[in-house]
Amino acid sequence: MNARQTPFPFRAETMRIDGRRAAGSRGVIEVLNPFSGVCIGTVPKASASEVRDAIALARSYRPRLSRHERAAILERAARLVDERTGEISALITAEAGLSRKDTRYEAGRVRDVFLAAAHAARQDDGQIFSCDITAQGRQRRVFTQRDPLLGVITAITPFNHPMNQVAHKIAPSIATNNRMVLKPSEKVPLSALYLADLLYEAGLPPLMFQVVTGDPGEIADELITHPDVEMVTFTGGVEIGKAIAARAGYRRMVLELGGNDPLIVMDDADLDEAAQLATLGSYRNSGQRCTAVKRILVHQAVADDFVERLVARTRAWTFGDPESDVEMGTVIDEAAARLFESRVNEAVSQGARLLVGNQREGALYAPTVLDHVRPDMPLVRQETFGPVSPVIRFGCLDEAVAIVNGTAYGLSSGVCTNRLDVITRLVNELQVGTVNVREVPGYRLELTPFGGIKDSGLGYKEGVLEAMKSFTTTKTYSLPWPA
């Protein structure tokens with residue numbers, strides 16, 4: 001790929017610690033535009049002592065914002081996101097290589113996260129229990145309330161949704177009066193810093209949200225093991241998530257990890273609808289979503305017709321310069337594109353048929369369809385985090401269930417059928433956190449519970465309401481209450 005000068009203005013960024021712009025003491029990390037290869041900015045490489053300082057500052061501060069004040073901050077932040085969608089989209093595209101269509105959509109999701117958290121902050125989350133309901137009861141009532149954590153929350157976010165992943169951490173933290181120290185992915189840190197400034201402008205006290213940047217090998221341990229950290233929330237790969245779980249010790253954790261999500265196409269499915277869902281699920285956000293379609297299981301009776309439709313839609317899916325009017329930009333970097341290319345080549349060598357795609361230029365990787373993929377191929381046994389559509393043919397529902405449940409992952413799924421008996425069986429038998437009928441595996445609201453089982457997650461689910469539960473403790477108290 002020929003490097004071109006990006007129109008995005010260079011950003012020499014700082015960390016956000018105690019409302020200050022901290023330059024750091026250990027040099028900088030370059031942020032590269034995945035399409036052009038041009039350095040679009042730098043962020044500080046924090047030291048462990050600087051991370052300790054941020055955690056100590058957060059621990060010393062106790063927010064006392066009312067529900068109204070928290071909701072108002074989140075609503076102002078949502079309005080600012082709406083007003084600056086174009087600027088936000090340009091920033092995410094510049095550092096992540098995602099198409100402008102995808103990054104405008106991401107800005108909308110960030111707005112929705114803030115609005116959902118604002119609404120939830122205003123809801124009374126207490127419960128009331130009458131105590132005179134048995135012969136041994138008393139004339140009392142027990143009440144509950146949810147309190148913020150005593151310690152600090154540390155959050156570590158991945159590259160694939162540079163701003164929305166951050167919003168899903170910080171919005172419920174604000175809604176529950178907590179303090180958070182965030183380390184964004186070193187590949188896409190600019191969006192997190194932008195969002196921090198936007199929240200400060202909306203009125204958030206800076207000690208409720210600080211952002212440190214750096215090499216995870218140098219600072220991650222401090223974020224995970226510091227005695228003032230009461231909870232670690234991480235979204236990313238399984239290997240790192242399990243390492244965090246092994247290292248974190250006696251503290252709360254929420255680990256949202258990988259997925260190997262299937263789209264199941266039954267013999268009664270609307271094949272045009274199924275092919276549309278397959279392309280959207282496989283290629284949106286350059287296939288870089290834990291909930292992207294990563295395996296397409298198709299009943300053998302309709303497989304030929306379905307594949308023909310899938311190939312046609314894939315050929316029509318435009319990709320290229322993410323600043324142009326295309327559906328799909330690059331993946332995160334050239335190394336990722338090379339990995340997809342090698343896995344596809346390996347599957348072809350093992351008997352799969354390449355029908356379209358598998359063309360790579362730098363970090364640009366073409367939407368790719370393979371047919372006659374076997375469930376034991378690494379392409380579909382592991383998480384292939386890119387725009388690849390592997391078709392696995394099956395003969396009966398028992399076989400489809402066995403294939404879906406036959407990997408270590410259990411995040412989401414989609415099912416294309418109109419048969420209620422099939423739907424109810426799959427809802428009950430698939431070992432996943434979500435089953436979406438006639439929809440992509442990734443469909444959800446920002447408010448609703450989201451997460452997986454097995455190697456796809458540990459702890460509370462995400463989604464604003466579930467995250468608020470994980471960021472709080474339940475306190476009970478009782479009062480005399482005459483009948």
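**Pockets, central sheet and aromatic contacts of the predicted model**

Helix α4 is the main contributor to the lining of the second largest pocket, giving six residues. The structure is a predicted model, in which local features require pLDDT of at least 70 and side-chain atom pairs count only at pLDDT 80 or more, whereas totals for chains, interfaces and linings use all residues. Residues are numbered from 1 along each chain as its sequence is written, and side-chain values use heavy atoms, with hydrogens and water left out. Helices (H or I, at least four residues) and strands (E, at least two) are DSSP runs numbered from the N terminus.

The second largest pocket holds about 540 Å³ of space. Its lining consists of 31 residues, and Y105, R109, R289, G442 and R444 lie nearest the centre. Two or more lining residues come from each of α4 (100–121), α5 (164–175) and α9. By class, this lining has nine nonpolar, eleven polar and eleven charged residues. In this classification, Ala, Val, Leu, Ile, Met, Phe, Trp, Tyr, Cys and Pro are nonpolar, Asp, Glu, Lys and Arg are charged, and the others, Gly among them, are polar. Pockets and cavities were located on a 1 Å grid over the protein atoms alone: a cavity is a set of points where a 1.4 Å probe fits but cannot get out, a pocket is an open set with protein on both sides within 12 Å along at least five of seven lines, and lining residues have an atom within 4 Å of a point. Grid points are joined across faces, edges and corners, and a volume is the space filled by probe spheres set on the points.

At least two lining residues each are supplied by α7 (216–225), β11 (229–235), α8 (238–248) and α11 (334–349); α8 provides the largest share, six residues. The lining comprises 20 nonpolar, eleven polar and eleven charged residues.

Three cavities of 30 Å³ or more were found. The largest cavity has a volume of about 60 Å³, and its lining is formed by H168, K169, M231, T233, V254, K461, E462, A467, S470 and F471. Here α5, β11 and α15 (464–470) each give two or more residues. Four of the lining residues are nonpolar, three polar and three charged.

Seven strands form an open sheet with mixed pairing, in the order β15-β18-β19-β14-β13-β21-β22. Strands β15 (353–356) and β22 (436–437) stand at the edges with a single partner strand each, so one side of each has no neighbour in the sheet. Two strands are taken to pair if DSSP finds at least two bridges between them. Within this sheet, β13 (residues 261–265) pairs with β14 (residues 293–299) in the parallel sense over five bridges, and L263 stands opposite I296 of β14. Strand β14 in turn runs parallel to β19 (residues 388–394), joined by four bridges, with L297 opposite I392.

All five residues of β13 are buried (buried means under 20% relative accessible area, exposed over 50%, partly exposed in between, with a 1.4 Å probe and protein chains only). Both faces of β13 are covered, D261, L263 and V265 lying on one side and P262 and I264 on the other.

The structure holds five aromatic pairs. Rings of Phe, Tyr and Trp (its six-membered ring) pair if their centres lie within 6.5 Å; planes under 30 degrees apart count as stacked, over 60 as edge-to-face and the rest as tilted. One of the pairs, F159 with F385, is edge-to-face, at 6.0 Å centre to centre and 90 degrees between the planes. F159 lies in the loop between β8 (152–156) and α5, and F385, 226 residues away, in the loop between α12 (378–381) and β19. F385 is buried, with a relative accessible area of 18%. F143, Y477 and W481 form one aromatic cluster.
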